[in-house]
Amino acid sequence: MASVISPVHSPIRTCQFSSLYLSSNKISPSFALLKARSLSSKASSLTFSPLPETIKPFSPVEPSGKSLRFSGWSQELRRRGSVEPPVAKAAAADAEGAEIESAAGYGKPSKSFSEKFPFLITGFFFFMWYLLNVIFNILNKKVYNYFPYPYFVSVIHLLVGVVYCLVSWSIGLPKRAPIDKEQLALLTPVAFCHALGHVMSNVSFAAVAVSFTHTIKALEPFFNASASQFVLGQHIPLSLWLSLAPVVIGVSMASLTELSFNWLGFGSAMISNIAFTYRSIYSKKAMTGMDSTNVYAYISIIALLVCIPPALLIEGPQLLQYGFRDAIAKVGLYKFLSDLFWIGMFYHLYNQLATNTLERVAPLTHAVGNVLKRVFVIGFSIVVFGNKISTQTGIGTAIAIAGVAIYSLIKANIEEQKRKAAAISTS
């Protein structure tokens, strides 16, 4: 007799997978369907069809109630799913046509012309600084020969520069730096001294020869040293004081025999030296954190507002009565307006180039360049205007310029030693 074997019921129920979940209940295929999508070498992830809304997924469990961990599967899926494209080396061409090799996704362009030949760029800055300064001084003096109104001309210098700055700000070259009341209070004394020094320099240019005004302005280092010693309380080495002796002697010799000498030209040049000295003092206190271009723009705006009232009070009635009329009658309206525009433009550009040159070179180089600039201006003004100078005036001017050169070299060396000592102490 055939024995009937009863089926043995296992306490563990058959499990089915759906979307990589293990269920303890029997799930009909009509409720869940696992859709396997073939993996290709370019696939970046493994995608499964979502579960129907009627089925709530839950954590996979073992018969003991512990969660199952598919660590091996997960690592394998991550290895197969993550595709890291190899980094290829590429050859590219820069703006000059030279090939550059790009490795690891980063290109290393060849050096630009300014990086290859920095001395040429610096030399170009010096050349443009000298050229613009000489052109400004010559054209400025020519305007004074038929339009002797230095207060009004000073306003034009600043007005053209301010318009230039506003246009540059409007196109974002450079971006305008915001200014608050505290910064405005710091820059106002600097701008006032800048306006006073600028106006007095132009009064001297209109009254005497350009070469004589620049000879007197060679005394500016003497006033700077005096203010540093007696106003700021800084110790000035004896070597600096001794180097200023030739400057004082040379200016005195040139002044005694200067053919175009008058007290208005001499006194206004001396006042400009004092004003620019105090401008340097207040500039050291007015550390606003802005770049030099924005600082100079704000100083020009404030200085313009300072210069307008005295120009209207001192020269306004004369200009309205016969000043403009006489100038237009001598050179014509177009030349008169164009001359005023260009002296304002050259004034702003040469000051901006001086700032840019200072940022590119060491203080010693800039000091020597500043002395040579004064020599260029004096020499060109004598040649262009044919100013007759006595032998004593020429010798005095040379002695004064030599004294300024010695002073600048000594001061620049002292500043360089301080900088090196500060660098060593911080390291």
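Q: Why is Glu 416 called partly exposed?
A: Glu 416 has 25% relative accessibility. Buried means under 20% relative accessible area and exposed means over 50%, with partly exposed in between (1.4 Å probe, protein chains only). Glu 416 therefore counts as partly exposed.

Q: What kind of model do these values come from, and how are residues numbered?
A: This is a predicted model, in which local features need pLDDT of at least 70 and side-chain atom pairs count only at pLDDT 80 or more, while totals for chains, interfaces and linings use all residues. Residues are numbered from 1 along each chain as its sequence is written, and side-chain values use heavy atoms, with hydrogens and water left out.

Q: What makes Arg 419 and Glu 416 a salt bridge?
A: Their closest N and O atoms are 2.5 Å apart. A salt bridge needs a side-chain nitrogen of Lys or Arg within 4 Å of a carboxyl oxygen of Asp or Glu, so the pair qualifies. Both residues lie in helix α13, three residues apart, about one turn of the helix. Helices here are DSSP runs (H or I, at least four residues; strands are E, at least two), numbered from the N terminus. Arg 419, at 49% relative accessibility, counts as partly exposed.

Q: How many salt bridges does the structure hold?
A: The structure holds three salt bridges. One of them joins Lys 335 and Asp 339, with the closest N and O atoms 3.4 Å apart. Another joins the side chains of Arg 325 and Asp 326 at 3.7 Å, N to O.

Q: Why are Lys 335 and Asp 339 separated by about one helical turn?
A: Because they are four residues apart in helix α11.

Q: Is Asp 339 buried or exposed?
A: Asp 339 has 7% relative accessibility, so it counts as buried.

Q: Is Arg 325 buried or exposed?
A: At 55% relative accessibility, Arg 325 counts as exposed. Asp 326, with a relative accessible area of 31%, is partly exposed.

Q: What makes a set of residues a nonpolar core, and which residues touch the most other members of the largest one?
A: A nonpolar core is a set of buried Ala, Val, Leu, Ile, Met, Phe, Trp, Tyr and Cys residues joined through side-chain atoms within 4.5 Å. The largest has 46 residues, of which Trp 129, Phe 147, Phe 152 and Leu 340 touch the most other members. Helix α3 (118–146) is among those supplying at least two residues each, and α3 gives the most, with 12.

Q: Why is helix α7 called mostly covered?
A: Eight of the 11 residues of α7 (220–230) are buried, including Phe 223 and Asn 224. These buried residues pack against α6 (210–217), α8 (238–256), α9 (263–285) and α13 (391–426), where contact means heavy atoms within 4.5 Å.

Q: Which residues make the nonpolar surface patch?
A: Phe 230, Val 231, Ile 274, Tyr 278 and Tyr 282 make a patch of about 480 Å². Patch residues have over 30% relative accessible area and no salt bridge; like charges are joined within 9 Å, and nonpolar side chains (Val, Leu, Ile, Met, Phe, Trp, Tyr) within 5 Å. Areas come from the Shrake-Rupley method with a 1.4 Å probe. Val 231, at 45%, is over the 30% cut-off. Val 231 is found in the loop between α7 and α8.
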